[in-house]
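I opened the model to take notes on one chain, then on how the chains meet. The entries follow in the order in which I looked things up.

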4 protein chains.
Amino acid sequence: MSELQELVEGIRRDLESHLGEGKVADYIPELAKVDPRQLGIAVATIDGGFHTAGDADTPFSIQSISKVFTLTLALGKAGDALWTRVGREPSGTAFNSIVQLEYEKGRPRNPFINAGAIAVADLILAGHQPREAIGEIVHFVRFLAGDDSIAIDHEVAKSETETGYRNLALANFMRSFGRLDHPAEHVLGVYFHHCALAMSCRQLARAGLYLAAGGSNPVLGSRVVSRERARRINALMLMCGHYDGSGDFAYRVGLPGKSGVGGGILAVAPGKASIAVWSPGLDQHGNSLVGTAALELLAQRTGWSVFGP
Amino acid sequence: MSELQELVEGIRRDLESHLGEGKVADYIPELAKVDPRQLGIAVATIDGGFHTAGDADTPFSIQSISKVFTLTLALGKAGDALWTRVGREPSGTAFNSIVQLEYEKGRPRNPFINAGAIAVADLILAGHQPREAIGEIVHFVRFLAGDDSIAIDHEVAKSETETGYRNLALANFMRSFGRLDHPAEHVLGVYFHHCALAMSCRQLARAGLYLAAGGSNPVLGSRVVSRERARRINALMLMCGHYDGSGDFAYRVGLPGKSGVGGGILAVAPGKASIAVWSPGLDQHGNSLVGTAALELLAQRTGWSVFGP
Amino acid sequence: MSELQELVEGIRRDLESHLGEGKVADYIPELAKVDPRQLGIAVATIDGGFHTAGDADTPFSIQSISKVFTLTLALGKAGDALWTRVGREPSGTAFNSIVQLEYEKGRPRNPFINAGAIAVADLILAGHQPREAIGEIVHFVRFLAGDDSIAIDHEVAKSETETGYRNLALANFMRSFGRLDHPAEHVLGVYFHHCALAMSCRQLARAGLYLAAGGSNPVLGSRVVSRERARRINALMLMCGHYDGSGDFAYRVGLPGKSGVGGGILAVAPGKASIAVWSPGLDQHGNSLVGTAALELLAQRTGWSVFGP
Amino acid sequence: MSELQELVEGIRRDLESHLGEGKVADYIPELAKVDPRQLGIAVATIDGGFHTAGDADTPFSIQSISKVFTLTLALGKAGDALWTRVGREPSGTAFNSIVQLEYEKGRPRNPFINAGAIAVADLILAGHQPREAIGEIVHFVRFLAGDDSIAIDHEVAKSETETGYRNLALANFMRSFGRLDHPAEHVLGVYFHHCALAMSCRQLARAGLYLAAGGSNPVLGSRVVSRERARRINALMLMCGHYDGSGDFAYRVGLPGKSGVGGGILAVAPGKASIAVWSPGLDQHGNSLVGTAALELLAQRTGWSVFGP
């Protein structure tokens, strides 16, 4: 067994006693049903290695992690013009806060808070019906992961659509400032569906490999974005990927990462590996409690950090 | 001439036509007198190389860059207990904003906004008279740079003391929540003096070398902090080092950095080099306009980035 | 000609040179079409007197003035239980601000800002279809004014419905906190329609007479609310009736009043008269500029003020 | 015994069982020592009547009630130019909030929140030493009440000076925007001393009589301000006199009033009477709990209300 495989399994073992800690997201009814005592870890190295531990093959709702993929897709379509719609700064507020939008006239602070991802979804809709835009996103994520079995969990999408008042408020608020080109219902149709993508840690780690490897997936041999764009997406993940807990994540883990309220986190060790963890219990900022702990151990034990030798 | 030396000089040349852009800080009367048409660059590599261009030997007021050094010093004294006083999150507001302090009961968001650095100064004061604490800081910065000529510009310190009403407001506000142990006047005495340290790019790049080299200065052979602490200080610099322009700096430059309203920026390429730039004109967030441009060019041309190969 | 009649005509004359000042509301397209050079004044005294000047018979969109009538109606249905849904404090923010809703968990500060009136509309909907609730409001306003010709301007209602993204945001935001019982579209259907009531100054002054006369309309001989409730509605009008310009209105005019972005203001001189003015140009807070000036002159010249002999 | 005397005694009796409710202010150490089970009521009618009940002759710290008197004094000195320094709008925030000051560049919303009263104290200082300005205020209040025994409680003033960090923050913050002409320490010297005036309900009701009687004290035969200015001060008291509980006070009591954290309230029934109540326990907004209840009963039983017959 390789050293990295042992290391990953060790982390899973060391966190056994913490399984179930945190609070499973309950504002999306479907998510509240998940068994909290699960932890999956998957590490895809850029030289083709692959290591998993725990529940790494169980699909979960990736939720906001999808925002990394839609940002990538939207940058491909709109290029830097995207930044006229969304900023690149941490928000200093909760993922679903509307306060900043009022003070800054409907322009979301970054593409990883809800408002920002809604603006990104609006860009992806350009020239499309919602159904087509959703199809394009699913297709893109399958391409990234090299796995055509990835699909949307329609129960989750339905659950979000029925209870997504806060996101409806965000979208309509932005529209009142002329910040959306499409009807709020269409934009949220796209938004709720891409958040409802179901993926396992295995699939997620593979899908993120392009960010670790300078923009192309070395296993699949496919280029996704330029080297520079990969860096920039990583920068955004580090700065804004964990909402108002981003600073703490950077301090403790030291790697770009993006969390979702389903309990997943995609982390990137540039030049080394793409890592996916999943454990449903969340901390106060909506980030996976045990998942973050797993990444912290992984960073410590591998020495992976963007912040120093 | 070495490749890096040529590169540094090329950057200085390429920015010639931009010298004088931006707005020199005027709220500290002494700073308003500086000639804006200056640009200094200094790069200290961890293998002992040293390269400069432009006004790299002109001392300037390092202002908030000093917060990196006082944080390092305070962590040495208080350890992780420091984090009960100050947070580790980007603020999403201006460097001198008081709004967040009211909402979060007097606990500053991070050690690099004014309020946070005031809390750090309060920790350094423990068991000291202000004069002693100031002496200790000067001594520490001389030790970091290996240069006993570094000193405080007392005209600047006096200028700040006489006009520092906003910082007096911040300190008294924190004190009203029981967040400071010492009188506001003492704490600000320390604060204003360490902000008034005068250093050249040459001195600054040397002083920051421990952050690039895993916590010890390879040229002087002195250990400053542990490898892990160096990483963490870098993480804080990246997340919070440019106030409400931190996200943009991470996106464009991709390196941890700390700016000061004197126009200086200290940037760190972990495992590679410590970089100091200086040009007095500031952008809307209070960060050096031409200095940032110089770092962006340097990152592009060297390929240095924490975010990817 | 009576003294009051002369006084009212004199005010109209004295403001001739100011007609057209201010800015006509343009966020509701239909309202932007109104000729700004109009001023109507109507005074209904509790002893049955009636005096008008200028464009007092031209119907205009009463907009937020309707919130006084829907509050009266909702208090009749829900009684003091209404105050579990809405507060009674000035907001310190703009009429359509959403910031306070986030800080205070979806409970609007008072029934006269948009969010508060949406909560009131939700209460009026209880047990009704939107169409019935709208019918009930129209019926009630006709009863107050003793005038069955009062009707909704459906062009305005349509215009608001099509562009009311900000109100959709407010309603959905409140719904996300469980603060609305009905779908946002239904509640806003009621809201947009009652705002689109078209009334002349003559009709409006009559409709407000119950507030000047201790809760009953002395001309029609109909009791509307108790003496105590009339006082309390007047208190709310004084405190919150002019959004973030309420303090200024109390200072200058000294009477309870409620403005609408159509340029109308209903003011109450308790024990004396109900006054309606209308002039389309608005000040920075969305209150009629010339209308407020007319009320200020009226208060000065009659000596009417709640604040002293 | 007169009807009003019986009424006042009845209120005192009816509130017996509530004495001690609320929370005595503890952020000023001297105030925390007061026995909470006290209630004083004094009513001075404009026809010279005078009625008291309970602890109406016990001096207490009038605290923010003094802001009514300093506003009156400052308006006499600066006239309407005062309003370039301070606004006239309710703040929608706590009495000691600093948030609004940042958003509105150091201009306080009204003269009755702490920041506003500090701006007023700065105006009174013009051409004076702090000691002289304090003397002038004491002299003025003695003149208003016709009672030369009124004095400052120097223990309270000292206690506030030693713990007034929040007010120091407010003053320095305003000074950073150029909103104060004098050093913060001087302005706060005046501010803390006028807040520390000790008065009984008897003295306070007399001092407020000019506000009930159109600007002059009918008992002493002295004119204080014009009829119009008396109205306007009453308007400000109603709109802003109870901080973020002003709307509730207007709704329940229906009279202009100003509260202090010492537990006192001065209320004005224009054309009828000046009323002072005192009971130390405070509600969540810092207003006397039992004192407000006493005023509510008084308003109900006398029918006094500015809002209707």
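**Chain A**

I counted 13 helices and 10 strands in chain A; helices (H or I, at least four residues) and strands (E, at least two) are DSSP runs, numbered from the N terminus. This is a predicted model, in which local features need pLDDT of at least 70, side-chain atom pairs count only at pLDDT 80 or more, and totals for chains, interfaces and linings use all residues. Residues are numbered from 1 along each chain as its sequence is written, and chains are lettered from A and ligands numbered from 1 in the order in which they are written.

I looked up the extent of the C-alpha trace of chain A, which spans about 55 × 40 × 35 Å along its principal axes.

I then took the contacts in chain A between residues at least 6 apart in sequence, and 68% of them join residues at least 24 apart. Two residues are in contact if their C-beta atoms, placed from the backbone, lie within 7 Å.

**Chains A and B**

I asked how chain B superposes on chain A. A rotation of 180° with 0.0 Å of shift along its axis does so, at an RMSD of 0.0 Å (least squares on the C-alpha atoms of residues with pLDDT of at least 70 in both copies). That is the relation of a two-fold axis.

I noted 33 residues from chain B and 33 residues from chain A in their contact. On the side of chain B, the elements that give two or more residues are α11 (227-240) and α12 (246-252). The largest share, 10 residues, comes from α11(B). I sorted this side of chain B into 14 nonpolar, 12 polar and 7 charged residues. Ala, Val, Leu, Ile, Met, Phe, Trp, Tyr, Cys and Pro count as nonpolar, Asp, Glu, Lys and Arg as charged, and the others, Gly among them, as polar.

**Chains B and D**

I noted 12 residues from chain B and 12 residues from chain D in this contact. The largest share of the side of chain B that touches chain D, 8 residues, comes from α7(B).
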